[in-house]
Amino acid sequence: MFERHQGGDKAVLVCLDFGEPDYLENIEEFKLLAEGNGYKAMAIIQGKRQRPDPKLFAGSGKVEEIAAAVLATEAQTVLFNHALGGAQERNLERALECRVSDRVRLILDIFGQRARSNEGKLQVELAQLQYMSTRLVRGWTHLERQRGGIGARGGPGETQLEMDKRMLTERMKRLRDKLKDLQRQRDTQRRARERSKQFSVSLVGYTNAGKSTLFNALTHAKAYAADQLFATLDTTSRKLFLDPEHSVVVSDTVGFIRDLPHGLVEAFRATLEETVRADLLLHVVDSASDTREAQIEAVNYVLKEIDADEIPQIVVWNKIDLKGGEPAVERDEYGRIRAVRMSAKSGVGLDLLRQALVEAMPVVAAVSDESLQA
């Protein structure tokens, strides 16, 4: 079997078109994901299919084309911009004679590199183990070298697989227990905030939309912000004084992405509950992106998955300076603020957003009271 990626590998990227409207834009995003994980993209293989091939995902003819690209570029890894089944991944590695990874593993690896807090690391490890549980037959063969002593079993086979599954299940249970303890601590802190009737705002948005930059601009915090996918994973909260009479707690949350692995959504559910419990969401959008509408849709899909789709939103059209836009406030037919156009990096329009938060507070509170009475 092949050693796992350690960084700096040459890679061939495979992006198949199954009829998605934003197919070409997704290729560029996948290239950024690969580069963010230390790969050097040597070639990009494209093609159209009606549906995935059950055995090789890409079909035998396309696999031959991929193999030729691997040979020509001396690539060590083939990355698929799709979710592969465990059997498909094994079949592809046999056919291509090199490592094969899919989009899910790529995102998991990036999360593993970027997690900083103890809770974030536990969440990522749990998601990684859930993913590995379908690939035990090849993912845990290193454990064979650790057997020995009284009662040690013979060569690899079903018995080893059973041992691997047991070890994996036990580790996942310990991780879930630790995360439950951290969740209880988070609940205690949240109840304290609720008793003080502190208005809470969560920043949500597609990865690299500028959430952390906006968080820093609003609160003068020093949260890590960089022009890369998933620059920060850990939720950070700060108190923000809008004026002498109004203050809010602002939380910066993990960025979303198209086809975010379900295991990650589940593992990060505790962290994402900061979003669920918020009084207001600031949905930060990269207004300069050509795929902004698809990104908005991807974020709203995850919000629905974590039961946060009913929370009032203000859309923040960020990065207007990249397209020469002007700061502005947009309102709906009832006169309520619907969106703010601004630039978190330059600070243009930041005052409009602060005013929008002050204006939104009594409106959101009134809506919440009505829902409780109903």
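Helices α4 and α5 run roughly antiparallel to each other, because an angle over 145 degrees counts as such. The model is predicted, so local features need pLDDT of at least 70, side-chain atom pairs count only at pLDDT 80 or more, and totals for chains, interfaces and linings use all residues. Residues are numbered from 1 along each chain as its sequence is written, and side-chain values use heavy atoms, leaving out hydrogens and water.

**The helix pair**

- Helix α4 covers residues 103-114 and helix α5 residues 118-132; they pack at an angle of about 155°, with their axes 9 Å apart.
- The axes are lines fitted to C-alpha atoms over the stretch in contact, and angles run from 0 to 180 degrees between N-to-C directions.
- Val104, Arg105, Leu108, Asp109, Phe111 and Gly112 of α4 meet Val124, Ala127, Gln128 and Tyr131 of α5, where contact means heavy atoms within 4.5 Å.
- The residues of this contact comprise six nonpolar, two polar and two charged, with Gly counted among the polar ones.

**Thr253**

- Thr253 sits in the loop between β7 (246-252) and α9 (262-267).
- Thr253 is buried, at a relative accessible area of 1%; buried means under 20% (1.4 Å probe, protein chains only).
- The Thr253 side chain reaches the backbone oxygen of Leu203 at 2.6 Å.
- Leaving aside residues up to four places away in sequence, Thr253 touches Leu203, Val204, Lys211, Thr235 and Thr275.

**The whole chain**

- The protein chain has twelve helices and eleven strands, taken as DSSP runs of at least four residues (H or I) and at least two (E) respectively.
- Of its 374 residues, 49% are buried.

Terms used: Parallel < 35°, antiparallel > 145°, perpendicular 65-115°, else oblique. Buried < 20%, exposed > 50% of the residue type's maximum accessible area, 1.4 Å probe, protein only. Polar contact = N/O pair within 3.5 Å; in protein donor to acceptor, adjacent residues only side chain to side chain.
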